[in-house]
Amino acid sequence: MFIWTAKLRRGRLAAGAAALLLALCGAVVLAGGLSPGEVDAVSPAPASPKGIKTNEDRVAYLESYGWTVSPEAVSVEELLIPEEFDETYDQYLALQAQQGFDLTQYKGKRVKRYTYEVTNYPSGESGVEAGLLIYKNTVVAGEVLSTKLGGFIQGLAMPE
């Protein structure tokens, strides 16, 4: 595991986090967006999104959806949820709403994004990751996505 530290001004950190979230949404749009065949019909979460404090809690939360993930996060990032969402966020917000997550409650809040490698995607595809956005020990958003060009993004529920 690598630890990288840097001294950044709060404004630059916020701008960088917003740019990262925007890049993720842009990658989804460039990859062809979310089509009905790629977004899993999401059922209620099998585990409570509250009380997620440790790495073990995050792994157990993902496992409650049926995923087998790397034992440690492959990346941890601090992000700032923007005060105003533009149209580039529409598909991502819709995906989260299908899962019962409402990111609009967290506008202007700092969250941590924990990303884990998924090792049991049903198609056997590699390069699949599960991401959780955590605010004060509560999962406020999550997705499973392919990091490959032309990949997919879906909710946390295991596809059938």
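This report describes the fold, the sheet, the nonpolar cores and a few single residues of a predicted protein model.

**Overall composition**

The protein has 160 residues, and 39% of them count as buried. Its secondary structure consists of three helices and five strands, which follow one another along the sequence as α-α-β-α-β-β-β-β. Contacts between residues at least 6 apart in sequence include 66% that join residues at least 24 apart. The exposed surface comes to about 9,000 Å², with 55% supplied by carbon and sulfur atoms.

**The sheet**

The five strands form an open sheet in the order β1-β2-β3-β4-β5, and the pairing is antiparallel. The edge positions are taken by β1 (75-80) and β5 (153-154); each has a single partner strand, so one side of each is left without a neighbour in the sheet. The pairing of β4 with β5 is antiparallel and runs over two bridges. In this part of the sheet, Leu-145 stands opposite Ile-153 of β5. Helix α3, residues 90-98, packs on the sheet and touches β3, β4 and β5. The direction of helix α3 makes about 115° with that of β4.

**Nonpolar cores**

The largest nonpolar core holds 21 residues, of which Tyr-61, Val-144 and Leu-156 touch the most other members. Two or more residues of this core come from each of α2 (55-63), β2, β3 (128-135) and β4 (138-146). The most is given by β3, with four residues. Beyond residues up to four places away in sequence, Leu-156 touches a set of residues including Tyr-61, Leu-62, Tyr-65, Trp-67, Phe-101 and Val-144. Gln-99, Gly-131, Gly-142 and Glu-143 are also among the residues that Leu-156 touches.

**A buried arginine**

Arg-113 belongs to strand β2, which spans residues 110-117. Its relative accessibility is 9%, so Arg-113 falls under the 20% limit and counts as buried. The side chain of Arg-113 makes a polar contact of 2.5 Å with the side chain of Glu-143. Glu-143 is also one of the residues touched by Leu-156.

Most residues other than glycine have a negative phi. Lys-136, however, has a positive phi, near 50°. The phi of Asn-137 is positive as well, near 65°. Thr-138 lies in strand β4. Apart from neighbours within four places in sequence, Thr-138 is in contact with Pro-49, Lys-50 and Leu-133.

| Residue | Relative accessible area | Class |
|---|---|---|
| Lys-136 | 65% | exposed |
| Asn-137 | 34% | partly exposed |
| Thr-138 | 19% | buried |

The class of Thr-138 follows from the cut-off: buried means under 20%, and Thr-138 has 19%, so Thr-138 is buried. Lys-136 is exposed because its 65% is over 50%. Asn-137, at 34%, lies in between and is therefore partly exposed.

Notes: Residues are numbered from 1 along each chain as its sequence is written. This is a predicted model: local features need pLDDT of at least 70, side-chain atom pairs count only at pLDDT 80 or more; totals for chains, interfaces and linings use all residues. Side-chain values use heavy atoms; hydrogens and water are left out. Buried means under 20% relative accessible area, exposed over 50%, partly exposed in between (1.4 Å probe, protein chains only). Contact means heavy atoms within 4.5 Å. Accessible areas come from the Shrake-Rupley method with a 1.4 Å probe; for residues, only the protein chains shown count as cover. A polar contact is a pair of N or O atoms within 3.5 Å; within protein, one must be able to donate a hydrogen and the other to accept it, and residues adjacent in sequence count only if both atoms are side-chain atoms. A nonpolar core is a set of buried Ala, Val, Leu, Ile, Met, Phe, Trp, Tyr and Cys residues joined through side-chain atoms within 4.5 Å. Two strands pair if DSSP finds at least two bridges between them. Axes are lines fitted to C-alpha atoms, for helices over the stretch in contact, and angles run from 0 to 180 degrees between N-to-C directions.
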